[in-house]
Amino acid sequence: MSLTVDIRHRFAGFALDVSFDAGPGITALFGRSGAGKTTIINAVAGLLRPDEGRIARGKDVLFDAASGTDVRPQARGLGYVFQDARLFSHLSVTENLMFGSRYAPRDRPGPTLDDVVALLGLDAVLTRAPGTLSGGEKQRVALGRALLSRPRMLLMDEPLASLDGPRKQDILPYLERLRDGPLGLPILYVSHAVDEIARLADRLVLLQDGRVARQGPLFEVMADPAAVPLLGVREAGAVIEAQVLAHADDGLSTLAISAGQLELPGVRAEIGARVRLRVLAQDVILSKDQPRGLSSVNVLPVTVEDVHPGDGPGAAIALKAGADRLLARVTARAVDEMGLAPGMACHAILKATTVAPGSIGR
Amino acid sequence: MSVDAAAWDALRLSLWVACWATVLAIPLALWVAWLLARRSFRGKGLLNALVHLPLVLPPVVTGYLLLIAFGRTAPMGRLLESLGLGLAFHWSGAVLAAIIMGFPLMVRAMRLAIEAVDPKLEEAAATLGAPRMAIFARVTLPLIAPGILAGAVMGFAKAMGEFGATITFVANIPGQTQTLPSAIWTALQIPGGESQAAVMVVMACIVALAAVALSEALARRVAARIAGL
């Protein structure tokens, strides 16, 4: 079941005009603040009525300006996890969790209270009042509350934005379990944190000034040189899948990717597990010759696919490494001096530190 | 002994009138407070002014207007009289006067409470599937309970103390429309009536203090629950 969104909406000083699909899995809506992310998710939830357009979930039309269809938020079958949790302070955690369960159609499948408590690790807080919870606990309760209303799709508006680094790391595994678990709910995930998206999303929609600038499978969009200015030059970089082969005693692990092997520190996944690697474009160095005597051991043979000059002195280089695509950011001067052009074979040197432990998931 | 009996009668009547006025006014005041806090409609300013009118009009004027509207010779009064609901010179008229005089205070307290509720919580309840009435009953109402309580206490206190509009509208008939303030005023008109007045003044003070203490205790419980502690 997929969500199709095609809406236009005007505020004073802001115009939204977007069209995108969100398939199964996690679809991330990424954009800077003011790009229209929350407006879109509120329109999908039915909390905001767009001026024009259509929103449908599978065959169910949720909103259609042309025919005047505007399904109430209550009847859209969507669970919404807000950035600020919005727990009911006068109810206990259990009462919050069970708030919506009585309104969902009886025949609609969904998790039980026990399922949700186990999934989100809420055992210890069930009798507590929301006012006494930490930020991370609040978000887990909000997520559980949405799940127990037995939605057919989940909307999440920057659920981790109000949390500090360690708290984020506490919650991300729960979101991954949700993505990979038996519930298999499609999720529309709004974020402006590239690391979260790289870790969680299957599909990525990049927003800029109220419009969709790029959309597609995560691996493709992240490796698209045109996406570099949208993601930010420091955050841009390909995401590739790897398999853990071995852990050595010195803390380095060996991972296999389609173009060869990488040695990376801080990999916590089990041997045989598939993990995502994030290779920041600014941390990839290109060399025409086989490099020797380097401190980095991660050198991959690559082919230049595209050279994409940026606005400044930099250029984004799309690379093919085996079946994977990588992104490198070099200076325009280097492009000239090396004669980088599509089809050219060269070597990419990745610093082992280019993949942060937090960006390794699945 | 007859002195005390009259005082007890007045106290009983005042409590009776004040309780009825409070109970009847709460739902109406809540509805009007809701309209003023959450809705925009034509005539909202007029409604607001009308609600606040008894606060600024001399109570005697309010009482006189009630007499014009609901007196035995007024069409409305005659209609109600024929239905057995005659208000003039009847304790139910004192209830009406108390409701109208206390209404602005109740609406103000409740409106502030409603405005303090974050509509985002109600949105969250809607996305969880709760119908509008359920959102009001399960989210809004518990959160505004302290404001309703505060409004009710204000209304009750106003009803206990209301004098001018009441005596103008329903007169001062012992055992029927003579409330505690009317009885105190009457006692003070009679030479040597100060001792009887003093008894009733003490009664009025005790009722007022008890009402404040009760509302404080309730407010603490409600506030603790709402703070989620």
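Biologist: In β15(A), which residue is the bridge partner of A:Q243?
Modeller: A:Q243 has A:R274 as its bridge partner in β15(A). This is a predicted model, in which local features need pLDDT of at least 70, side-chain atom pairs count only at pLDDT 80 or more, and totals for chains, interfaces and linings use all residues. Residues are numbered from 1 along each chain as its sequence is written, chains are lettered from A and ligands numbered from 1 in the order in which they are written, and side-chain values use heavy atoms, with hydrogens and water left out.

Biologist: How many bridges join β12 to β15(A)?
Modeller: Strand β12 (residues 237-247) of chain A is joined to β15(A) by seven bridges, and the two run antiparallel. Two strands count as paired if DSSP finds at least two bridges between them. Strands are DSSP runs of E with at least two residues, helices are runs of H or I with at least four, and both are numbered from the N terminus.

Biologist: And what is the order of the strands in that open sheet?
Modeller: The order is β14-β13-β12-β15 in chain A, four strands with antiparallel pairing. At the edges are β14 (260-265) and β15 (274-280) of chain A, each of which pairs on one side only. On average, neighbouring strands of this sheet are turned by 45° against each other, direction ignored. The axes are lines fitted to C-alpha atoms, for helices over the stretch in contact, and angles run from 0 to 180 degrees between N-to-C directions.

Biologist: Let us move to the start of the chain. In which sense do β1 and β4 of chain A pair?
Modeller: Strand β1 (residues 3-11) of chain A pairs with strand β4 (residues 52-57) of chain A in the antiparallel sense, over six bridges. Within this pairing, A:I7 has A:G53 as its bridge partner in β4(A).

Biologist: Which residue stands opposite A:R57 in β5(A)?
Modeller: That residue is A:D60. β4(A) pairs with strand β5 (residues 60-64) of chain A over four bridges, in the antiparallel sense. The two strands form a hairpin with two residues between them, where A:G58 takes a positive phi near 60°.

Biologist: How many helices and strands does chain A have?
Modeller: Chain A has nine helices and 20 strands. Its C-alpha trace spans about 65 × 50 × 35 Å along the principal axes. A compact globule of 362 residues would have a radius of gyration near 21 Å, and the 22 Å of chain A agrees. The radius is taken over C-alpha atoms, and the globule rule is 2.2 Å times the number of residues to the power 0.38.

Biologist: What percentage of chain A counts as buried?
Modeller: The figure is 54% of the 362 residues. Buried means under 20% relative accessible area, exposed over 50%, and partly exposed in between, with a 1.4 Å probe and protein chains only.

Biologist: What about chain B: how many helices and strands are there?
Modeller: Chain B has 10 helices and zero strands. Its C-alpha atoms fill a box of roughly 70 × 45 × 30 Å along the principal axes. Of its 229 residues, 44% are buried.

Biologist: How many aromatic pairs does the structure hold?
Modeller: Over all chains there are nine aromatic pairs. One of them joins B:W34 and B:F136, whose ring centres are 5.5 Å apart and whose planes stand at 85°, so the pair is edge-to-face. Rings of Phe, Tyr and Trp (its six-membered ring) pair if their centres lie within 6.5 Å; planes under 30 degrees apart count as stacked, over 60 as edge-to-face and the rest as tilted.

Biologist: Where in the chain are B:W34 and B:F136?
Modeller: B:W34 belongs to helix α1 (residues 2-38) of chain B and B:F136 to helix α7 (residues 132-161) of chain B, so that distant parts of the chain, 102 residues apart, are linked. B:F136 is partly exposed, at 21% relative accessible area.

Biologist: Is B:E122 buried or exposed?
Modeller: B:E122 is buried, with a relative accessible area of 11%. This residue is found in helix α6 (residues 119-127) of chain B. Leaving out residues up to four places away in sequence, B:E122 touches B:W34, B:R38, B:V117, B:I135, B:V139 and B:T140. A contact here means heavy atoms within 4.5 Å.

Biologist: Back to the rings: which residues of chain A do ring pairs link into a cluster?
Modeller: The cluster consists of A:F88, A:F99 and A:Y103.
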